[in-house]
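Subject: Structure handover

Hello,

Here is the structure for your files. My notes on the helix contacts and the ligand site follow it.

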Amino acid sequence: MRLILLGPPGAGKGTQAQRLVQRHGIVQLSTGEMLRAAVKAESPVGRKAEAIMARGDLVPDDVVVAIVSDRIDQPDARRGFILDGFPRTVAQAEALESMLTEKGLRLESVIELQVDEGALLKRLASRVAEMKARGEPVRPDDNAEALKTRLDVYRTQTAPLIAFYGKKGLLRSVDGMAPIDTVTEAIDRALSPEIVARGG
Ligand code: AP5
(Lines give C-alpha, C1' and ligand atoms only; values in the text may rest on other atoms or scores of the structure.)
Protein backbone atom coordinates (compact mmCIF):
# COMPACT_ATOMS: atom_id res chain seq x y z
CA MET A 1 0.00 0.00 0.00
CA ARG A 2 1.47 3.39 -0.96
CA LEU A 3 -0.35 6.46 0.32
CA ILE A 4 0.06 10.17 0.84
CA LEU A 5 -1.43 11.96 3.84
CA LEU A 6 -2.05 15.57 2.87
CA GLY A 7 -3.14 18.38 5.17
CA PRO A 8 -2.13 21.62 6.87
CA PRO A 9 0.12 21.78 9.96
CA GLY A 10 -1.64 20.09 12.88
CA ALA A 11 -4.24 18.36 10.67
CA GLY A 12 -3.35 14.99 12.23
CA LYS A 13 -1.10 13.54 9.51
CA GLY A 14 1.41 12.12 12.00
CA THR A 15 -1.31 10.81 14.34
CA GLN A 16 -3.16 8.99 11.55
CA ALA A 17 0.05 7.75 9.88
CA GLN A 18 1.00 5.95 13.09
CA ARG A 19 -2.38 4.24 13.18
CA LEU A 20 -2.06 3.15 9.54
CA VAL A 21 1.37 1.72 10.35
CA GLN A 22 -0.14 -0.43 13.11
CA ARG A 23 -3.18 -1.49 11.09
CA HIS A 24 -1.50 -2.28 7.80
CA GLY A 25 2.14 -3.09 8.65
CA ILE A 26 3.62 -0.43 6.37
CA VAL A 27 6.14 2.29 7.24
CA GLN A 28 5.59 6.00 7.91
CA LEU A 29 7.90 8.26 5.91
CA SER A 30 7.65 11.66 7.58
CA THR A 31 9.90 14.22 5.91
CA GLY A 32 9.45 16.51 8.96
CA GLU A 33 10.77 13.74 11.28
CA MET A 34 13.64 12.91 8.90
CA LEU A 35 14.64 16.57 8.70
CA ARG A 36 14.40 17.04 12.49
CA ALA A 37 16.68 13.98 12.90
CA ALA A 38 19.13 15.53 10.41
CA VAL A 39 19.10 18.81 12.37
CA LYS A 40 19.76 16.92 15.62
CA ALA A 41 22.60 14.98 14.01
CA GLU A 42 24.04 18.27 12.65
CA SER A 43 24.45 16.61 9.23
CA PRO A 44 24.97 18.80 6.11
CA VAL A 45 21.24 18.48 5.30
CA GLY A 46 20.36 19.33 8.91
CA ARG A 47 22.58 22.43 8.88
CA LYS A 48 20.90 23.58 5.65
CA ALA A 49 17.37 22.89 6.97
CA GLU A 50 17.53 24.15 10.56
CA ALA A 51 16.83 27.88 10.11
CA ILE A 52 14.36 27.28 7.25
CA MET A 53 12.29 24.90 9.39
CA ALA A 54 12.41 27.13 12.46
CA ARG A 55 10.78 29.98 10.52
CA GLY A 56 8.17 27.68 8.96
CA ASP A 57 9.36 27.79 5.35
CA LEU A 58 9.95 24.82 3.07
CA VAL A 59 13.30 23.11 2.70
CA PRO A 60 14.38 23.13 -1.00
CA ASP A 61 12.64 20.53 -3.17
CA ASP A 62 15.88 18.81 -4.32
CA VAL A 63 16.96 18.17 -0.71
CA VAL A 64 13.64 16.61 0.31
CA VAL A 65 13.23 14.61 -2.90
CA ALA A 66 16.68 13.02 -2.43
CA ILE A 67 15.87 12.07 1.19
CA VAL A 68 12.57 10.45 0.18
CA SER A 69 14.07 8.58 -2.77
CA ASP A 70 16.78 7.05 -0.53
CA ARG A 71 14.25 6.15 2.16
CA ILE A 72 11.90 4.39 -0.29
CA ASP A 73 14.80 2.14 -1.29
CA GLN A 74 15.23 0.81 2.27
CA PRO A 75 14.09 -2.81 2.77
CA ASP A 76 11.40 -1.92 5.33
CA ALA A 77 9.58 0.25 2.75
CA ARG A 78 9.17 -2.65 0.33
CA ARG A 79 5.80 -3.68 1.79
CA GLY A 80 4.49 -0.15 1.36
CA PHE A 81 4.61 3.31 2.93
CA ILE A 82 2.66 6.36 4.01
CA LEU A 83 4.16 9.65 2.96
CA ASP A 84 3.46 12.12 5.78
CA GLY A 85 4.34 15.71 4.86
CA PHE A 86 5.60 14.90 1.35
CA PRO A 87 4.99 16.07 -1.34
CA ARG A 88 4.42 19.69 -0.35
CA THR A 89 4.80 21.39 -3.73
CA VAL A 90 3.72 20.51 -7.26
CA ALA A 91 7.43 20.13 -8.18
CA GLN A 92 7.81 17.54 -5.37
CA ALA A 93 4.69 15.72 -6.57
CA GLU A 94 6.08 15.57 -10.12
CA ALA A 95 9.45 14.35 -8.81
CA LEU A 96 7.65 11.67 -6.76
CA GLU A 97 5.79 10.51 -9.84
CA SER A 98 9.02 10.10 -11.86
CA MET A 99 10.81 8.48 -8.92
CA LEU A 100 8.08 5.90 -8.40
CA THR A 101 7.90 5.13 -12.12
CA GLU A 102 11.69 4.59 -12.19
CA LYS A 103 11.40 2.24 -9.22
CA GLY A 104 8.47 0.38 -10.82
CA LEU A 105 6.06 1.50 -8.06
CA ARG A 106 2.64 3.14 -8.12
CA LEU A 107 0.91 5.55 -5.76
CA GLU A 108 -2.46 4.17 -4.72
CA SER A 109 -4.23 6.91 -2.80
CA VAL A 110 -3.94 10.47 -1.47
CA ILE A 111 -5.90 11.17 1.70
CA GLU A 112 -6.59 14.83 2.43
CA LEU A 113 -7.38 15.72 6.06
CA GLN A 114 -9.65 18.78 6.11
CA VAL A 115 -9.41 20.90 9.29
CA ASP A 116 -10.44 24.52 10.02
CA GLU A 117 -7.61 26.93 10.74
CA GLY A 118 -9.03 27.82 14.18
CA ALA A 119 -8.85 24.16 15.22
CA LEU A 120 -5.26 23.87 13.96
CA LEU A 121 -4.13 26.73 16.18
CA LYS A 122 -5.80 25.11 19.22
CA ARG A 123 -4.29 21.67 18.45
CA LEU A 124 -0.79 23.03 18.12
CA ALA A 125 -1.20 25.03 21.34
CA SER A 126 -2.23 21.82 23.16
CA ARG A 127 0.71 19.91 21.64
CA VAL A 128 3.08 22.58 23.01
CA ALA A 129 1.43 22.35 26.45
CA GLU A 130 1.63 18.51 26.41
CA MET A 131 5.31 18.50 25.39
CA LYS A 132 6.17 21.02 28.09
CA ALA A 133 4.26 18.94 30.66
CA ARG A 134 6.27 15.85 29.67
CA GLY A 135 9.51 17.84 29.92
CA GLU A 136 10.18 17.40 26.18
CA PRO A 137 11.70 20.18 24.05
CA VAL A 138 9.08 22.15 22.11
CA ARG A 139 9.48 22.18 18.31
CA PRO A 140 11.17 25.45 17.24
CA ASP A 141 8.40 25.96 14.63
CA ASP A 142 5.51 25.54 17.08
CA ASN A 143 5.14 29.27 17.85
CA ALA A 144 2.69 31.89 16.57
CA GLU A 145 5.06 33.51 14.06
CA ALA A 146 6.33 30.27 12.45
CA LEU A 147 2.82 28.83 12.45
CA LYS A 148 1.54 31.80 10.47
CA THR A 149 4.26 31.14 7.87
CA ARG A 150 3.50 27.37 7.87
CA LEU A 151 -0.19 28.07 7.18
CA ASP A 152 0.64 30.61 4.43
CA VAL A 153 3.04 28.11 2.85
CA TYR A 154 0.36 25.40 2.99
CA ARG A 155 -2.22 27.65 1.30
CA THR A 156 0.06 28.85 -1.47
CA GLN A 157 2.41 25.92 -2.15
CA THR A 158 0.78 22.73 -0.87
CA ALA A 159 -2.98 23.21 -1.32
CA PRO A 160 -2.59 23.14 -5.16
CA LEU A 161 -1.84 19.42 -4.72
CA ILE A 162 -5.52 18.87 -3.92
CA ALA A 163 -6.42 19.72 -7.53
CA PHE A 164 -3.27 17.96 -8.82
CA TYR A 165 -4.26 14.62 -7.28
CA GLY A 166 -7.98 15.26 -7.81
CA LYS A 167 -7.40 15.33 -11.57
CA LYS A 168 -5.56 12.02 -11.35
CA GLY A 169 -8.51 10.43 -9.53
CA LEU A 170 -6.36 9.59 -6.49
CA LEU A 171 -7.72 12.11 -3.98
CA ARG A 172 -10.00 11.13 -1.07
CA SER A 173 -10.99 13.91 1.36
CA VAL A 174 -11.76 13.12 4.99
CA ASP A 175 -13.23 15.31 7.75
CA GLY A 176 -10.21 15.84 10.01
CA MET A 177 -12.31 17.82 12.55
CA ALA A 178 -13.85 14.62 13.90
CA PRO A 179 -12.37 12.79 16.93
CA ILE A 180 -9.15 10.85 16.22
CA ASP A 181 -10.83 7.39 16.11
CA THR A 182 -13.56 8.65 13.78
CA VAL A 183 -10.94 10.08 11.40
CA THR A 184 -9.14 6.71 11.41
CA GLU A 185 -12.40 4.94 10.49
CA ALA A 186 -13.09 7.47 7.72
CA ILE A 187 -9.60 6.88 6.28
CA ASP A 188 -10.18 3.13 6.32
CA ARG A 189 -13.45 3.65 4.46
CA ALA A 190 -11.73 5.95 1.96
CA LEU A 191 -9.17 3.28 1.08
CA SER A 192 -10.70 1.04 -1.50
CA PRO A 193 -11.09 -2.64 -0.49
CA GLU A 194 -8.61 -3.64 -3.22
CA ILE A 195 -5.91 -1.40 -1.71
CA VAL A 196 -6.54 -2.76 1.81
CA ALA A 197 -6.61 -6.36 0.56
CA ARG A 198 -3.22 -5.86 -1.12
CA GLY A 199 -1.88 -4.69 2.26
CA GLY A 200 1.78 -3.78 2.05
P1 AP5 B 1 6.14 18.46 9.51
O2 AP5 B 1 6.85 17.77 10.57
O3 AP5 B 1 5.58 17.67 8.37
O4 AP5 B 1 5.05 19.37 10.19
P5 AP5 B 1 3.58 19.89 9.77
O6 AP5 B 1 3.12 19.56 8.40
O7 AP5 B 1 3.59 21.33 10.09
O8 AP5 B 1 2.68 19.02 10.61
P9 AP5 B 1 2.63 18.72 12.14
O10 AP5 B 1 3.64 17.66 12.47
O11 AP5 B 1 2.70 19.98 12.94
O12 AP5 B 1 1.14 18.20 12.25
P13 AP5 B 1 0.42 16.87 11.79
O14 AP5 B 1 -0.50 17.15 10.65
O15 AP5 B 1 1.37 15.72 11.65
O16 AP5 B 1 -0.51 16.68 13.05
P17 AP5 B 1 -0.29 15.76 14.36
O18 AP5 B 1 -0.72 14.37 14.09
O19 AP5 B 1 1.08 16.01 14.90
O20 AP5 B 1 7.10 19.56 8.84
C21 AP5 B 1 7.86 20.45 9.63
C22 AP5 B 1 8.75 21.31 8.73
O23 AP5 B 1 9.70 20.48 8.04
C24 AP5 B 1 8.04 22.08 7.60
O25 AP5 B 1 7.46 23.30 8.04
C26 AP5 B 1 9.21 22.29 6.62
O27 AP5 B 1 10.06 23.32 7.05
C28 AP5 B 1 9.96 20.98 6.72
N29 AP5 B 1 9.45 19.99 5.75
C30 AP5 B 1 8.82 18.81 6.05
N31 AP5 B 1 8.48 18.17 4.93
C32 AP5 B 1 8.89 18.96 3.89
C33 AP5 B 1 8.78 18.84 2.49
N34 AP5 B 1 8.16 17.80 1.90
N35 AP5 B 1 9.30 19.85 1.73
C36 AP5 B 1 9.93 20.89 2.29
N37 AP5 B 1 10.04 21.08 3.63
C38 AP5 B 1 9.52 20.11 4.42
O39 AP5 B 1 -1.39 16.42 15.32
C40 AP5 B 1 -1.23 17.72 15.88
C41 AP5 B 1 -1.88 17.76 17.28
O42 AP5 B 1 -3.29 17.59 17.13
C43 AP5 B 1 -1.41 16.63 18.21
O44 AP5 B 1 -1.32 17.12 19.52
C45 AP5 B 1 -2.53 15.57 18.09
O46 AP5 B 1 -2.67 14.80 19.25
C47 AP5 B 1 -3.76 16.44 17.85
N48 AP5 B 1 -4.76 15.80 17.00
C49 AP5 B 1 -4.54 15.03 15.89
N50 AP5 B 1 -5.71 14.63 15.34
C51 AP5 B 1 -6.70 15.17 16.11
C52 AP5 B 1 -8.13 15.11 16.06
N53 AP5 B 1 -8.76 14.44 15.08
N54 AP5 B 1 -8.83 15.78 17.00
C55 AP5 B 1 -8.18 16.48 17.99
N56 AP5 B 1 -6.81 16.56 18.11
C57 AP5 B 1 -6.09 15.91 17.17
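Contact here means heavy atoms within 4.5 Å. By that criterion, Glu117, Leu120, Leu121, Leu124 and Arg127 of α6 meet Leu147, Arg150, Leu151 and Arg155 of α7. Sorted by class, the residues joining α6 and α7 are five nonpolar, no polar and four charged. Please note that this is a predicted model.

As for geometry, helix α6 covers residues 117-133 and helix α7 residues 144-158; their axes come within 12 Å and cross at roughly 140°. The pair is therefore oblique. The crossing of α6 with α7 is right-handed.

On the α1 side the contact uses Thr15, Gln16, Arg19, Leu20, Arg23 and His24, and on the α9 side Ile180, Asp181, Val183, Thr184, Ile187 and Asp188. This contact of α1 with α9 has four nonpolar, four polar and four charged residues.

Now the ligand. It is surrounded by 32 residues, of which Thr15, Asp57, Arg88, Arg127 and Arg150 are the closest.

- An N or O atom in the side chain of Thr15 is 2.5 Å from an oxygen atom of the ligand.
- A polar backbone atom of Val59 is 3.1 Å from a nitrogen atom of the ligand.
- An N or O atom in the side chain of Arg123 is 3.4 Å from a nitrogen atom of the ligand.

Regards

Key: Residues numbered from 1 in each chain as written. Predicted model: local features only at pLDDT ≥ 70, side-chain atom pairs only at ≥ 80, totals over all residues. Heavy atoms only, no water. Helix = DSSP H or I, 4+ residues; strand = E, 2+ residues; numbered from the N terminus. Nonpolar A, V, L, I, M, F, W, Y, C, P; charged D, E, K, R; others polar. Near = heavy atom within 4 Å. Polar contact = N/O pair within 3.5 Å; in protein donor to acceptor, adjacent residues only side chain to side chain. Axes fitted to C-alpha atoms, helices over the stretch in contact; angles between N-to-C directions. Parallel < 35°, antiparallel > 145°, perpendicular 65-115°, else oblique. Left-handed = near helix turned anticlockwise from the far one by under 90°.
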